[in-house]
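I opened this entry to look up a few helix pairs and a ligand site. My notes follow.

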Amino acid sequence: MKILLLGKDGQVGWQLQRALAPLGGVHACGRADCDMTDAAAIHALVGALRPAVIVNATAYTAVDKAESEPALAEAINARAPGELAAAAAACGALLVHYSTDYVFDGGKATPYVETDPVAPQGVYGRSKLAGEAAIQAVAGRSLIFRTSWVFGEHGGNFVRTILRLAAQRDDLGVVADQVGSPTPAALIADVTAAALLRLAHGRRLEIGENRLYHLAAANPLSWCDFAREIVAVAIAQGWGLRLAPAAIRAITTADYPTPARRPANSRLDCSRLGQDFGLSMPCWRPYLARMLERLPA
Ligand SMILES: NC(=O)c1ccc[n+]([C@@H]2O[C@H](COP(=O)([O-])OP(=O)(O)OC[C@H]3O[C@@H](n4cnc5c(N)ncnc54)[C@H](OP(=O)(O)O)[C@@H]3O)[C@@H](O)[C@H]2O)c1
């Protein structure tokens with residue numbers, strides 16, 4: 001299986017380099033190999049390589065900054081996926097793409113399913129939703145995985161921010177009225193590889209078959225509780241931190257204003273992944289422990 005991986009240096013892209021390797025030849029590209037704002041470059045790359053599968057891990061992920069850079073967010077998150085989908089369809093490739101819990105407004109009381117109405121609250125969420133639509137508008141074959149709260153040892157994320165603050169401060173307020181599932185980049189990459197393997201040995205997707213899946217780890221919690229878990233695990237592993245888990249105060253979203261509005265409920269129901277691929281989502285905890293073991297304390 002010839003695979004073109006875009007975004008090899010991101011959190012998920014870095015894990016995909018490892019997870020996709022057993023499936024076949026992986027041609028891994030970073031920003032220097034293909035700028036996703038350059039449609040001609042996308043078509044030239046795909047046309048020259050003619051892969052069987054394209055995995056797009058590129059994205060504009062700066063949620064707050066997107067509010068002041070809507071054109072760039074739109075170019076990378078909405079237009080580029082449409083160009084990729086067209087290029088994939090032209091050579092018969094399956095496109096794998098990632099989207100976000102931020103397509104929802106967070107007002108639902110229970111976990112979101114794929115068929116729930118969308119209502120993004122900010123530029124980032126709107127641009128990602130437009131990317132989903134751009135892919136689905138092409139008569140091609142695609143898998144879109146909506147995920148949430150991504151973390152891993154490679155790249156910037158909430159876990160790294162909390163570890164940095166916990167080394168500097170003995171008091172911290174963290175938002176407690178937003179709930180979601182921290183999702184390891186390694187899990188996203190492994191589920192992607194498992195789904196591709198399953199499809200390679202099963203029925204080929206039809207032209208025009210664009211499938212959407214929710215992909216998030218089990219055991220959702222608030223940002224505040226997640227911060228407490230991060231600090232507790234780090235201390236148990238011998239990290240020298242100033243901040244104790246009990247010193248992390250629960251604050252509200254209103255106490256911590258940000259340029260972009262975020263959903264209060266980010267929980268994603270992943271039953272469809274189970275039904276179609278026989279995959280069940282594990283808890284994020286062992287991945288957090290492993291990440292902290294690998295980071296320099
Ligand atoms: N991070 C989260 O919490 C989160 C939550 C929900 C969904 N998601 C989705 O999950 C997917 C993976 O996210 P992630 O956390 O792995 O993202 P990430 O770490 O921010 O990586 C994004 C990658 O895209 C690349 N990129 C950005 N603009 C580009 C351009 N113009 N041309 C080429 N490459 C470009 C970046 O390149 P550089 O390395 O050169 O900057 C980076 O390697 C994305 O679709 C994201 O929307 C993420």
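I note that the model is predicted, with local features needing pLDDT of at least 70, side-chain atom pairs counting only at pLDDT 80 or more, and totals for chains, interfaces and linings using all residues. Residues are numbered from 1 along each chain as its sequence is written, and side-chain values use heavy atoms, without hydrogens and water.

**First pair.** I looked up α1 (residues 11-20) and α6 (residues 185-200): their angle is about 45 degrees, and their axes are 8 Å apart. In the contact (heavy atoms within 4.5 Å) I see V12, L16 and A19 of α1, among others, and on α6 residues including A189 and L196.

**Second pair.** Helix α7 (residues 223-236) packs on α9 (residues 285-294) at about 50 degrees, with axes 10 Å apart. That makes α7 oblique to α9. This crossing is right-handed. F226, E229, I230, V233 and A234 of α7 meet R285, L288, A289 and L292 of α9.

**Ligand.** I count 24 residues around the ligand, and the closest are V12, M36, T61, Y124 and K128. A polar backbone atom of M36 is 2.9 Å from a ligand nitrogen. A polar side-chain atom of T61 lies 2.7 Å from a ligand oxygen. For K128, a side-chain N or O atom is 2.7 Å from an oxygen atom of the ligand.

Methods. Axes fitted to C-alpha atoms, helices over the stretch in contact; angles between N-to-C directions. Helix = DSSP H or I, 4+ residues; strand = E, 2+ residues; numbered from the N terminus. Parallel < 35°, antiparallel > 145°, perpendicular 65-115°, else oblique. Left-handed = near helix turned anticlockwise from the far one by under 90°. Near = heavy atom within 4 Å. Polar contact = N/O pair within 3.5 Å; in protein donor to acceptor, adjacent residues only side chain to side chain.
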